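Please open the structure in a viewer and keep the sequence at hand.

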Amino acid sequence: MKIGIDASCWGNKRGFGRFIRELLGALLEIDNTNEYLFFVDSETTDVDDFPARVKKLVAKTKHSSVKAAAADGRRSVSDLWAMSREVLRHKVDVFFFPAVYSYFPIFNRTKILLTIHDVIADHNPEMVFPNARSKFFWKLKQNVAIRQADLIATVSQHSKKEIVDYFHLPESRLRIISEAARPSFKVLPTNNGYVSALERYGLASGERFLLYVGGISPHKNIGRLIDAFKQLHDFEPDNSLKLVLVGDYKDDPFFSAYPQLRSQVSDMQLNERVIFTGFIPDADLAYLYNAATLLVFPSLEEGFGLPAIEAMACGTPVAASSTGSLPEILGSAGRYFDPLKAEDISHVIREILSDDSHRAKMRADGLARSAGFRWKRGAEDTLAIFEELGGN
């Protein structure tokens, strides 16, 4: 088969960028039979880590598809047509969109697999779109994409149920492709690299800190996490605990809550305790996971929740929202709180921090839990879907 891939979000720093890189990398390791064609926009052509054996096809576009498809952007008709036309020029048996964000119409007679990671934008549009225009064009694109897709992939049972319920789709149209931590996220020794990585972000070896990893978007609920951290500080003013927020607040094209969060931290006089790191590379992130006392994941909703798996693979306990996919992903290895109640977030964190033996058990359970998630399994599931579509 010839399999076309929308690879225009390959270089994106958010979760769906990691999804395509890790999934397609694992897929190419197990599939030496099919031919893969990566279709990219003019900006993505500069990415230098595409797998060697794929054929890269560049559409002549004026804007990055990911930036144009962001919350406050809109892709031009000419750029959409450029991507569609490039695919039209090549006969492919199956075409795969790893994210609905960068969808463009397909005019070939080919089978289409569309990935919808979650329905966060549908449940919480006011937290994702800065204006009504952005919401309108998102919904238009999404509806056309779903109508054209032969099958829809998603990343968890929770997301599958939400997609089926929200869009009134038959379950037979959906398939699940699970995610995993990349191998670099693992238990690491406390060496010079470990110490240097911490120092780059204003931390010292052995210092206690809570860690958040993810986007800085409103639906990530970081404001309530900061409220909860303030309660912890007020409960024990002398404690040296810090809160480290890892996420790109400079170049992320999606709707950001960073200005409000920065003001909130300042108003609460927590500037010395709360650290915004911005985007950090995986090598440093692995050290931060290893060093953290606890990963706190307060999102109102997640389609999968990749940082939770990454943290567990590094031996870090995880406290997370009791909503969305996180209970499914973490299972009994996690501790849960009501994400709408800062006092509940604070209470759960305080309980975990005060019990060393409980944290040790969470660490062991998390390592065992994370071992069950492998990108190879996701690749095998994806290849089976391609073969299913190609055989129809």
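Two strands pair if DSSP finds at least two bridges between them; helices (H or I, at least four residues) and strands (E, at least two) are DSSP runs, numbered from the N terminus. This is a predicted model, in which local features need pLDDT of at least 70, side-chain atom pairs count only at pLDDT 80 or more, and totals for chains, interfaces and linings use all residues. Residues are numbered from 1 along each chain as its sequence is written, and side-chain values use heavy atoms, with hydrogens and water left out.

Select strand β5 (residues 111-115) together with β6: the two run parallel and are joined by 3 bridges. Within this pair, L114 stands opposite I152 of β6.

Next, select β6 itself, residues 151-154. L151 and A153 point one way, I152 and T154 the other, and all are buried (under 20% relative accessible area, 1.4 Å probe, protein chains only).

Helix α6 (residues 157-167) carries the chain from β6 to β7 in a right-handed β-α-β crossover, meaning that, with the strands pointing away from the viewer, the path from the first strand over the helix to the second runs clockwise.

Now select helix α11, residues 306-313. Why is α11 largely enclosed by the rest of the structure? The reason is that 8 of its 8 residues are buried, among them E310 and M312. Just after α11, G315 takes a positive phi of about 80°.

Finally, display the whole chain, which contains 15 helices and 13 strands. Buried residues make up 58% of its 392 residues.

Conventions. Buried < 20%, exposed > 50% of the residue type's maximum accessible area, 1.4 Å probe, protein only.
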